[in-house]
Amino acid sequence: MLNERYDLSDRPAQGVTMDRGKPLQEGVRVKLPAGMTWGSFAAMSADQIREQNLYPKGFYPCRIPTTPTASLCFPHFLIDAIKQQDGRT
């Protein structure tokens, strides 16, 4: 799911690092739907984006195991194990 939504390639920005020297990644990481560019996307109105269902999936929330709808990302056996560890059986 992450590869579908985001560009996960390693592209460190030159001359910029975090506190302990870890390089910051550069560029937009959310992927647009096939055939779209950021320029064509920016030229569209909100109504056009909505009508054509072109809103990038990377801007939708990513489910995590501690939420009720976590099964979108994580298998049920993992969710059940986390609930058991948290005492939420």
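The following dialogue examines how terms are applied to a predicted model of one protein chain.

Biologist: What confidence does the predictor give to the chain and its elements?

Modeller: The mean pLDDT of the chain is 84, and 84% of its residues reach 70 or more. Among the elements, helix α3 (residues 46–51) has the highest mean, 94, while helix α4 (residues 76–85) has the lowest, 82.

Biologist: What pattern do the elements follow along the sequence?

Modeller: The pattern is α-β-β-α-α-α, as the chain has four helices and two strands.

Biologist: How many aromatic pairs does the structure hold, and why is the pair of Trp38 and Phe41 called edge-to-face?

Modeller: The structure holds three aromatic pairs. The ring centres of Trp38 and Phe41 are 5.8 Å apart, and rings pair if their centres lie within 6.5 Å. Their planes stand at 85 degrees, and planes over 60 degrees apart count as edge-to-face. The pair is therefore edge-to-face.

Biologist: Where do Trp38 and Phe41 lie?

Modeller: Both residues belong to helix α2 (residues 38–43). They are three residues apart, about one turn of the helix.

Biologist: Why is Phe41 called buried, and why is Trp38 called partly exposed?

Modeller: Phe41 has a relative accessible area of 12%, and buried means under 20%, so Phe41 is buried. Trp38 has a value of 34%. Partly exposed covers the range between the 20% limit for buried and the 50% limit for exposed, so Trp38 is partly exposed.

Biologist: Are Tyr55 and Tyr60 buried or partly exposed?

Modeller: Tyr55 is partly exposed at 40% relative accessible area, and Tyr60 is partly exposed at 39%.

Biologist: Which residues line the largest pocket?

Modeller: Tyr55 and Tyr60 are among them, and the lining also includes Glu4, Arg5, Lys31, Pro33 and Asn53. About 160 Å³ of space lies in this pocket. The lining residues divide into six nonpolar, two polar and four charged.

Biologist: Why does Asn53 count as exposed, and what is its phi?

Modeller: Exposed means over 50% relative accessible area; Asn53 reaches 62%, so Asn53 counts as exposed. Asn53 is found in the loop between α3 and α4. Its phi is near 55 degrees, a positive value in a residue other than glycine. Most residues other than glycine have a negative phi.

Biologist: Which residues does Asp7 touch, leaving aside residues up to four places away in sequence?

Modeller: Asp7 touches Arg29 and Lys31. Asp7 lies in the loop between α1 (2–5) and β1 (12–17). The C-alpha atoms of Asp7 and Gly27 are separated by 9.4 Å, although these residues are 20 residues apart along the chain.

Biologist: What share of the contacts in the chain between residues at least 6 apart in sequence join residues at least 24 apart, and what share of the residues is buried?

Modeller: Of those contacts, 29% join residues at least 24 apart. Buried residues make up 19% of the 89 residues.

Terms used: Residues are numbered from 1 along each chain as its sequence is written. This is a predicted model: local features need pLDDT of at least 70, side-chain atom pairs count only at pLDDT 80 or more; totals for chains, interfaces and linings use all residues. Side-chain values use heavy atoms; hydrogens and water are left out. On a 1 Å grid over the protein atoms alone, a cavity is a set of points where a 1.4 Å probe fits but cannot get out, and a pocket is an open set with protein on both sides within 12 Å along at least five of seven lines; lining residues have an atom within 4 Å of a point. Grid points are joined across faces, edges and corners, and a volume is the space filled by probe spheres set on the points. Ala, Val, Leu, Ile, Met, Phe, Trp, Tyr, Cys and Pro count as nonpolar, Asp, Glu, Lys and Arg as charged, and the others, Gly among them, as polar. pLDDT is the predictor's confidence in each residue, from 0 to 100. Rings of Phe, Tyr and Trp (its six-membered ring) pair if their centres lie within 6.5 Å; planes under 30 degrees apart count as stacked, over 60 as edge-to-face and the rest as tilted. Buried means under 20% relative accessible area, exposed over 50%, partly exposed in between (1.4 Å probe, protein chains only). Contact means heavy atoms within 4.5 Å.
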